Amino acid sequence: MAHETWVFRSRSWLPFEIADIVAVWHEYRIPILLSTFTLLMIFRTVLHLRSPRERIFYTPQISPPLPTEKVRLLDDKRVNGEKNPRRIVGGLKKRKSSEDAAQSGVRKIQVLVFFSSLTGATEKTATAFTEDLAKSTKNLEDSATTFPEPQLLDLSYIDYDDYFITPPKGEGGTQFFYLLLLPTYNIDTVLDNFLEHLQETHNDFRIDTAPLSRLLGYSVFGFGDREGWPTEEEGFCSQARDVDKWMAKLTGRKRAFPLGMGDSKMNAAERLREWMEGVGDVLGHIARTGGLGEGVVGSGDAVESDLEDLDEEDEVLFDEQKIAQGKTKLQKNDVLNDLEDIGSTLNKSSVDPSEPLEVDFTSYSKKTRPTPPPTVKEMVPKNSPTYNALTKQGYSIVGSHSGVKICRWTKSALRGRGSCYKFSFYGIASHQCMETTPSLSCSNKCVFCWRHGTNPVGTTWRWVVDPPDLIFAGVKTGHYQKIKMMRGVPGVRAERFAEAMRIRHCALSLVGEPIFYPHINEFTAMLHAEHISSFLVCNAQHPDQLATLKPVTQLYVSIDASNKESLRKIDRPLHRDFWERFNRCLDILRERRFEQRTVFRLTLVKGFNIEDEAEGYAALVEKGLPCFVEVKGVTYCGTSSSAGAGLTMQNVPFYEEVCAFVLALNTALAKRGLEYGIAAEHAHSCCILIASQRFRKEGKWHTRIDYERFFECLESRQPFRPEDYMGPETPEWATWGNGGFDPRDERVFRKGKNKVALTESQGEVMGE
Ligand SMILES: Cc1cc2nc3c(=O)[nH]c(=O)nc-3n(C[C@H](O)[C@H](O)[C@H](O)COP(=O)(O)O)c2cc1C
Ligand code: SF4
């Protein structure tokens, strides 16, 4: 009854009956339920997509920094080097990104110094190091960048997952930079676990192979003991080297500075100081630019033979842009294309028609002499094929007619793999040598010239002349830039890298003819003012310029043949009076032999200038009386131009053939009563040195140079003789009969080369 009353009452004010609703529900409930469910799903999806995604790994916030002691107390799980199960935790967490920092306009760079120590030496050093670092990073701060105090973290106490699976999440978009100071132990220590962790992380298929790529960079310094482990092969600093390798992989090759290594009983403090300076420079660069900067495998040298030695995984590429673009190895190789290939890609028809034609003003009659072009143009304009070809080959073009490039020996020396023959003969450390030219143009087209086809030729200067200070500053910048690019290359030694940041020698011989440049004397004066020695090579075709050249440390003329016909065939000179010019240059050299060290450089090409020419060369030596005669086998480069000149591998002499020639020349010189002798050799680059007896004292050769003495002599403004800056005795290993390879360096044979078919020297490509 009560129910009826309620129904009745409802009826009185509702517009429809409840029974109707029930009926509707029964009829439409399935579509209603389905549409409600669909709407809910859409709503949920929209919400999900709009909220920021988070990676599944959890790592704690790291700011404010935890002192080492606290870290130790919080986590003593690893005290005995025990390995804990890997923790991978899921969950949605909003992460602060580095964009926050960008938004606030201030970049925060947190340096974390990791160390490990068993007997306490590394811990002590790392503590002092971190304190010093705190001071030096403060000096790098400006309104746009701050460096929170570097943190010192003991690898025995931290949880690796917090730092070595992904970088920690810093507050306010803090970015991280890792430094690792590590001893090496050939017994089981925490470092074995650490290395295992790095390796596992790299190989874990659930994790990105480079999960630490968000780091700004990293660098490792190793402590070892050379007394027990004298060489790297025997285990010197082996664990630091391994960590360095794994970190390269995990960070996506962000080795910010080369691995440093120090002998804790001998030189660790000094090596660490150099390494710290280098790391400081890199941090400064990051503070200024936000990144590690440009860099490619090697230096971009077209003759990048070293590349073959690099494990592909070890290659280092700093250029973030390139990484972002995902450049393939193929593309990179394309950039580093071989000189040879580039030479051939520059087909003859690609000569820039806008460039003035070569004109030999010296040999036209007045009547037929064409009028010179009215406007003075640039020798190598930026939009010319020559510019593109040269830059592709790894040259940095400075101004409009100068170039700089680091040679393969410079790179080899940076990696402790030997310097060029000039170290054996004259004490030039290749990693401190800059190869450059103030004139990319030349007046010969030598058959063996591997730059032929890409460099401009001409007999007179008819281009814009750049001021010497512009060239000097530009080539130094270009050289240092290329050295810096090497800092992430595996095997580069920190101490050599640090030394390389001070140029001590300049080889003016790269390509073209340096004395062609009208201000060559001002340019060499600038080198000397900075105590950079000068080795200048000229092609014996510009006697007037040679006559006015001021003393350089060592003056070369290229002697590519012993007679006129042979010279025409091999040098293919543009000057019609080339033989007269050549002879005048020899006369000038003879006059100069008591003012500076003079050198004949002979490049032997089998089938062109070796056979039966020893006598002819002896006659030339008698004419020029150089202090030294460098004899070198030609290097085959396989360019289309050399092939076009009929040059093949058959024209490359074996080292034994070069030795036989040198013996014949030595005999021919003795027959003429000339006082010379075979002083030194560098079999590795197929090069032998004949020296005047003026450079022999008490039965020992003194072919090396006292560079500081040279500058003293120069600065005294008094006349001086080459003997005045004669250096110490030529080292035993460099003298004739001993091969000439510095025993302190590691000898590396190029992979895939058939050592039976090629001599070492044939397999190597000379830097110049
Ligand atoms: C048992 C033992 C093994 C070592 N093994 C190596 C080694 O394989 N290679 C190396 O270069 N140094 C080796 N060392 C030298 C240490 O790495 C070096 O003394 C280091 O400075 C020690 O640092 P720490 O005092 O921080 O532990 C070894 C030293 C010891 C005591
Ligand atoms: S090859 Fe030439 S440029 Fe290279 S290190 Fe030797 S002298 Fe210097």
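Helix H5 passes helix H9 in a right-handed crossing. Here, a crossing is right-handed if the near helix is turned clockwise from the far one by less than a right angle, and left-handed if anticlockwise. The contact is built from Thr125, Phe129, Ser136, Thr137 and Leu140 on H5, together with Leu272, Met276, Gly280, Leu283, Gly284 and Ala287 on H9. Two residues are in contact if their C-beta atoms, placed from the backbone, lie within 7 Å. Sorted by class, this contact has six nonpolar, five polar and no charged residues. The classes work like this: Ala, Val, Leu, Ile, Met, Phe, Trp, Tyr, Cys and Pro are nonpolar, Asp, Glu, Lys and Arg are charged, and the others, Gly among them, are polar.

Before going on, please note that this is a predicted model, in which local features need pLDDT of at least 70 and side-chain atom pairs count only at pLDDT 80 or more, while totals for chains, interfaces and linings use all residues. Residues are numbered from 1 along each chain as its sequence is written, and chains are lettered from A and ligands numbered from 1 in the order in which they are written.

### The whole protein

The protein has 26 helices and 18 strands. Helices (H or I, at least four residues) and strands (E, at least two) are DSSP runs, numbered from the N terminus. Of its 768 residues, 46% count as buried. Buried means that 20 or more other C-beta atoms lie within 10 Å of a residue's own; with 12 or fewer the residue is exposed, and in between it is partly exposed. Among contacts between residues at least 6 apart in sequence, 77% join residues at least 24 apart.

### Around ligand 1

Which residues come nearest to ligand 1? Of the 22 residues around this ligand, they are Ser117, Ala121, Thr122, Pro183 and Gly224. A residue is near a molecule if its C-beta atom, placed from the backbone, lies within 6 Å of it. H5 (121-140) and strand E5 (217-224) each supply at least two residues of this shell, and H5 gives the largest share, three residues. The shell divides into nine nonpolar, 11 polar and two charged residues.

Axes are lines fitted to C-alpha atoms, for helices over the stretch in contact, and angles run from 0 to 180 degrees between N-to-C directions.

| Pair | Angle | Axes |
|---|---|---|
| H5 and H9 (residues 268-289) | about 35° | 11 Å apart |
| H16 (residues 468-485) and H18 (residues 520-529) | roughly 45° | within 9 Å |
| H21 (residues 578-592) and H22 (residues 614-624) | about 50° | 7 Å apart |

H21 and H22 are therefore oblique to each other. Angles under 35 degrees count as roughly parallel, over 145 as roughly antiparallel, 65 to 115 as roughly perpendicular and the rest as oblique. Leu586, Leu589 and Arg590 of H21 meet Leu620, Lys623 and Gly624 of H22, giving three nonpolar, one polar and two charged residues.

The crossing of H16 and H18 is right-handed. Pro468, Asp469, Ile471 and Phe472 of H16 touch Glu522, Phe523 and Met526 of H18. This contact has five nonpolar, no polar and two charged residues.

### One residue in H21

Phenylalanine 578 is found in H21. Is phenylalanine 578 buried or exposed? It is buried, because 22 other C-beta atoms lie within 10 Å. Not counting residues up to four places away in sequence, phenylalanine 578 touches Gln541, Leu567 and Pro573.
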